[in-house]
Amino acid sequence: MAKQTPAVEMLSLSDPGMVRALNEDSVFTAADIGLAILADGMGGYSAGEVASAMAIDTVSKELLGSLPGLQGEPLDEATADLHEDIEFAVGRANEAVHYASHNDPDCEGMGTTLVVAALLDGQITVAHVGDSRLYRFRAGVLEQVTRDHSWLDEQLALGVITPEQAMASRYKNIVTRGIGIEETVDVEIHDYPAEQGDIYLLCSDGLSDMIEDPDIERLLGEHGQDLADAARHLIDQANENGGRDNVSVVLIRYGDNPKGWLGKLGGMFARK
């Protein structure tokens with residue numbers, strides 16, 4: 001049966017970075033039902049902030065209403081229903097942002113990325129639009145789960161440029177999909193087995209552009225026992241590396257902390 005595993009821990013943290021005055025990222029977590037959402041707004045002045053908040057508000061309200069009811073269904077049925085619910089919620093968010101961007105002069109041209117993580121029994125469903133990412137940290141190894149909807153990623157997939165050229169490119173932030181950009185939006189959705197001890201990281205490109213994957217892996221390995229500590233170190237490192245954009249993270253631990261209170265106690269003695 002599809003049900004929420006009780007041992008789900010979530011932590012979110014957002015920072016404007018070292019350059020921008022406004023924070024146009026938005027985050028949402030509901031650990032009790034296993035739902036996390038992150039959005040990175042785009043647009044001049046405060047329009048990006050409006051777009052990301054609008055998307056988060058619309059999608060979270062829809063899924064808060066539907067996700068708890070899915071946890072009593074068989075997993076295959078719940079998964080199909082969840083995909084449909086996500087597509088509907090993202091479609092509504094896209095309509096709202098697109099309408100505002102074309103009817104409110106202060107919101108002209110705004111849009112946002114979006115990444116959603118929803119946990120059911122033994123499974124994580126990941127949906128995204130744009131270049132905000134979800135990573136999985138399992139048994140000390142970091143893996144990027146989502147594929148960026150960006151011009152750069154498309155060029156990499158086609159073999160037009162090399163990974164080294166991509167790292168140095170000036171076109172990292174050109175997205176090919178976004179909430180509110182067109183009248184309709186194609187949301188990418190996939191399901192993955194979740195294992196006890198997995199840590200999932202949702203982040204805006206203010207993190208992934210500032211910290212290379214091996215360093216994210218190292219920081220999660222060093223600080224992952226305390227999600228608040230890990231989030232703070234990730235954001236601090238992004239800012240130390242330049243902090244050129246807003247940086248937001250959501251960390252999810254699926255299942256019990258392997259060390260739990262005993263590990264924390266041991267850490268206290270080790271520091272003396």
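1. Let's start with a pair of helices: H1 passes H2 in a right-handed crossing. Keep in mind that this is a predicted model. The H1 and H2 contact is built from 17 nonpolar residues, along with two polar and four charged ones.

2. How do H1 and H2 (residues 75-103) sit against each other? Their axes are 9 Å apart and the packing angle is about 155 degrees. Angles over 145 degrees count as roughly antiparallel, so that is the label for H1 and H2.

3. Now for H1 on its own. This helix covers residues 47-70, and its 24 residues should span 34 Å at 1.5 Å a residue; the C-alpha atoms at its ends are 34 Å apart, so the two values agree. There is still a kink to look at: H1 bends by about 35 degrees at leucine 64, shortly before proline 68.

4. Next, the other pair. Helix H6 (residues 213-223) and helix H7 (residues 227-240) have axes that come within 9 Å and cross at roughly 150 degrees. H6 and H7 are therefore roughly antiparallel as well, and H6 passes H7 in a right-handed crossing.

5. Which residues make the H6 and H7 contact? From H6 come Ile216, Arg218, Leu219, Leu220 and His223, and they meet Asp229, Ala230, His233, Leu234 and Gln237 of H7. By type, that contact divides into five nonpolar, three polar and two charged residues.

Key:
Residues are numbered from 1 along each chain as its sequence is written. This is a predicted model: local features need pLDDT of at least 70, side-chain atom pairs count only at pLDDT 80 or more; totals for chains, interfaces and linings use all residues. Side-chain values use heavy atoms; hydrogens and water are left out. Helices (H or I, at least four residues) and strands (E, at least two) are DSSP runs, numbered from the N terminus. The expected span of a helix is 1.5 Å times one less than its number of residues. The bend at a residue is the angle between axes fitted to the seven residues ending there and the seven starting there. Axes are lines fitted to C-alpha atoms, for helices over the stretch in contact, and angles run from 0 to 180 degrees between N-to-C directions. Angles under 35 degrees count as roughly parallel, over 145 as roughly antiparallel, 65 to 115 as roughly perpendicular and the rest as oblique. A crossing is left-handed if the near helix is turned anticlockwise from the far one by less than a right angle, and right-handed if clockwise. Contact means heavy atoms within 4.5 Å. Ala, Val, Leu, Ile, Met, Phe, Trp, Tyr, Cys and Pro count as nonpolar, Asp, Glu, Lys and Arg as charged, and the others, Gly among them, as polar.
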